[in-house]
Amino acid sequence: MNTVLTGIKPTGMVHLGNLLGAIRPAIEMSKSSDDSRHIYFIADYHALTATRDPKLFKEHVYSIAATWVALGLDVEKSIFYKQSDVPEIFELQWLLSCMTPKGDMNRAHSYKARVQENEENANKDPDHGVNMGLYSYPILMAADILLYDTNQVPVGKDQVQHVEIARSIAQRVNQYFGDETLIEPQEVLQEGGAYIPGLDGRKMSKSYDNTIPLWVTEKKLRKLIMKIKTDSSAPEDPKDPDDSLIMDIYKLFASQDQVDALAKRFREGIGWGEAKQELFEVVNEYLKEPREKYNELMENKDQLDEILKKGAEKARELALPTMKRVRQRMTGF
Ligand code: TRP
């Protein structure tokens, strides 16, 4: 069976860019009727490399779980859990650590970026601020992937090297302990879906502080949409629907008929305030039900606990044969 696995980092405040670029396509996949096995998990322990606030950590884990469930992830058909509920991952990580040359970690992009930052800041210690979790992050990620004989890992460009590292670890294990001790995974490069512009027209990103968060109130959502950058043309001036931020975002939520109708009004002349109101309405329509579901889940976390627990049970069942095989081949036990 073909196994497809996706890891989700729990960060605060999911925004429209995350929704359209990553979450929506992944959820579509969970509903598709191909006969691949789909695994989605919250990489909560990966976040510990940088988090020192347990309250916030927990909140972020629940928030990301609620987000995926509220937006329609099929938790029956797919396997959805949080990493820390599957102890086999951490056992496998140790076994893999013992098979990973330290030099491979020195070459990992995220670690190298930190070292470079330290050099630029004239810090005497090139490893300043680097904990072992950050350093061996790729090995934990390899364990995430290899534990279920994963074949395909959909990732963005920034994560490709990590999948390559996982593959190279699997290859080394196989050389020593026999073919197919571990399955060698392939990355499936996600182009990031559509380009999602933020409030100022640059790519929507937390680092530009130009995002529209998903789970704000209707009122706040409207207020944010009204802030989208526009030019100073007068309401009656004809406007180019192919050169408008509002239209770009509108297209991602509206039907073709709605898009055609609004494009016509653009050409005839429409006030920016009015265009933004139209945009608000389609975005809000899209988010209305999920927002209620999200709020309900965040108020009753028992439901989320139950979903994650069931997911972890399914994951551990799948992990069992892999662990048995790897343990047996590597240790004789
Ligand atoms: N490192 C990934 C990120 O930052 C998250 C992740 C953890 C992951 N383990 C994974 C992704 C396994 C794919 C497969 O986005």
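The questions below cover domains, helix packing and selected residues.

Author: This is a predicted model, in which local features need pLDDT of at least 70, side-chain atom pairs count only at pLDDT 80 or more, and totals for chains, interfaces and linings use all residues. Residues are numbered from 1 along each chain as its sequence is written, and side-chain values use heavy atoms, with hydrogens and water left out.

Reader: How far apart do the C-alpha centres of domain 1 and domain 2 lie?

Author: Domain 1 covers 3-196 + 301-331, and domain 2 covers 215-294. These bounds come from an automatic or database domain assignment. In contact (heavy atoms within 4.5 Å) are 13 residues of domain 1 and nine residues of domain 2. The C-alpha centres of the two domains are separated by 36 Å.

Reader: Are α4 and α14 roughly parallel or roughly antiparallel to each other?

Author: Helices here are DSSP runs (H or I, at least four residues), and strands are E runs of at least two, numbered from the N terminus. Axes are lines fitted to C-alpha atoms, for helices over the stretch in contact, and angles run from 0 to 180 degrees between N-to-C directions. Helix α4 (residues 88-97) packs on helix α14 (residues 301-331) at about 25°, with the axes 10 Å apart. Angles under 35 degrees count as roughly parallel, over 145 as roughly antiparallel, 65 to 115 as roughly perpendicular and the rest as oblique, so α4 and α14 are roughly parallel.

Reader: Which residues in α14 meet α4?

Author: From α4, the contact uses E88, E91, L92 and L95. Their partners in α14 are R316, A319, M323, V326, R327 and M330.

Reader: Is I89 buried or exposed?

Author: I89 lies in helix α4. I89 touches Y81, Q83, L140, A143, D144, L147 and Y148, leaving aside residues up to four places away in sequence. Buried means under 20% relative accessible area, exposed over 50%, partly exposed in between (1.4 Å probe, protein chains only). At 0% relative accessibility, I89 therefore counts as buried.

Reader: How many residues of helix α8 are buried?

Author: Helix α8 spans residues 137-146. Its buried residues include L140, A143 and D144.

Reader: Which residues does K203 touch?

Author: K203 sits in the loop between β5 (186-189) and α10 (218-225). Leaving aside residues up to four places away in sequence, K203 touches Y195, I196, G198, Y208 and N210.
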